[in-house]
Amino acid sequence: MGREKAAKEALNLLRGRLCDPTFVFKPLSDSPESNYSKLKFIISSSVTEACNNSILLLGPRGSGKIAVLELVLKDLFLEYPDMISVIRLSGLLHSDDNCAFKEIARQLCVEHDLLFSKMASFDDNSQFMIAMLRECGLAHKTVIFVLDEFDLFAQGKQRLLYSLLDAMQSITSQAVVIGVSCRLDADQLLEKRVRSRFSHRKLMFLPPSKEDLQRLLGHILSLPLDSTLPRDYAVEFNAKLQNMLADEKFKQTIYTYMDSDATVNHLLRFRAVSYMDLGSGFLALENFKTALPNIQRQPKLECITDCSILELYILVCMKRLEVKEQNSYNFNSVMTEYKSIHDTFQTSDYYARNVCLRAFEHLQQRELISFTDNRGHNQSVEFRPVKLLISSYELQKGLKSYRSCPVILLKLMDREA
């Protein structure tokens with residue numbers, strides 16, 4: 001197999017892995033203290049000991065709650081193929097109690113080869129669910145209810161949650177309710193009658209540590225030695241990968257990317273793999289450096305590089321006013337600051353007031369600045385309070401990337417920093 005052909009196969013393999021959450025989270029399930037191990041223990045004990053359980057999986061979006069749950073369910077289906085039944089609901093689709101009970105009845109009918117009635121009433125579906133839980137319990141079969149977007153089920157009268165948890169108080173039922181939510185206070189949304197029936201077990205999904213990031217990257221990007229890829233190519237690829245992972249410059253690139261969002265899901269969107277050179281067939285630090293600016297587009301910075309010199313002066317003047325703790329200022333205040341800079345440094349970039357006003361309005365149209373409220377429509381633009389919509393970092397970086405930026409503006413921003 002030629003090097004380029006092997007590289008294409010390796011690239012397809014890596015892309016497939018990035019789209020497979022269960023593969024991605026596998027290395028984080030090794031420890032007995034991992035959420036995978038804890039969740040599997042809770043569910044498996046319900047199956048083997050014929051007891052009821054309820055638990056919440058909480059954490060930011062993209063932290064792997066559903067991926068770890070699916071990994072656990074997949075393993076449990078292999079261990080207990082005839083003892084588990086899974087009912088899946090989403091708060092985005094089934095937060096209405098009537099809709100939720102109908103969906104539960106439909107899935108139970110499909111699971112047990114029963115005829116589903118679309119015309120069944122709310123009470124009929126509710127009684128059917130309770131009866132099926134009893135029958136499954138007698139047959140030593142655990143019904144697992146997965147409630148995604150759990151906080152949305154906690155709105156309204158919470159009849160679904162109450163009925164589920166209340167049915168689990170029966171000796172004959174055998175069920176597990178798993179709520180998944182990005183709201184860390186999801187359990188506080190429950191009514192008193194529902195909360196009293198909930199077990200208050202919670203698993204928190206936190207962003208991965210730096211050590212976990214290294215393990216994840218090594219796990220995702222390493223090539224298997226027992227595949228159709230040439231063994232010598234896979235060995236060399238993995239050796240170069242390990243050297244790159246140990247490189248401090250590489251670590252800094254990854255940490256810079258993860259600063260804005262430290263979740264695993266965000267890491268999987270890092271498209272460095274797509275920049276792999278098929279000629280050499282290996283991943284390199286340059287692939288990650290190339291991907292970083294492409295995925296971290298900053299529209300505000302791009303707008304600054306398209307501004308006129310006068311507009312840059314106005315932005316710097318507004319930033320100086322904010323540094324001086326002038327929380328409320330308007331166009332007239334900006335012009336006073338602009339004149340102060342001109343008088344102090346005798347700059348050649350000084351424009352008439354009407355020209356400045358047009359530049360000011362242009363900045364507002366490009367959403368680099370905005371009025372602080374919408375109540376002054378009848379007030380002259382010159383007197384309406386305004387604010388900057390860009391940070392000091394964005395403005396300073398924008399000025400540095402501006403080809404013909406006046407030196408005085410760079411000095412003023414460095415001084416304020």
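By about how many helical turns are Arg106 and Glu103 separated in helix H6? Because they are three residues apart in helix H6 (residues 97-111), the separation is about one helical turn, a helix here being a DSSP run of H or I of at least four residues, and a strand a run of E of at least two, each numbered from the N terminus. The model is a predicted one, in which local features need pLDDT of at least 70 and side-chain atom pairs count only at pLDDT 80 or more, while totals for chains, interfaces and linings use all residues. Residues are numbered from 1 along each chain as its sequence is written, and side-chain values use heavy atoms, leaving out hydrogens and water.

**Salt bridges overall**
- The structure holds 18 salt bridges, each being a side-chain nitrogen of Lys or Arg within 4 Å of a carboxyl oxygen of Asp or Glu.
- Arg320, Lys324 and Glu337 are joined in a network of salt bridges.

**Within helix H6**
- Arg106 and Glu103 form a salt bridge at 2.7 Å, N to O.
- Arg106 is partly exposed at 34% relative accessibility, whereas Glu103 is buried at 15% (buried means under 20% relative accessible area, exposed over 50%, and partly exposed in between, with a 1.4 Å probe and protein chains only).

- Glu79 forms a salt bridge with Lys40, with their closest N and O atoms 2.7 Å apart.
- This pair links helix H4 (residues 65-79), which holds Glu79, to helix H3 (residues 35-49), which holds Lys40, across 39 residues.
- Glu149 and Arg61 meet in a salt bridge of 2.9 Å, N to O, and they lie 88 residues apart.
- Glu149 is buried at 10% relative accessibility, whereas Arg61 is exposed at 54%.
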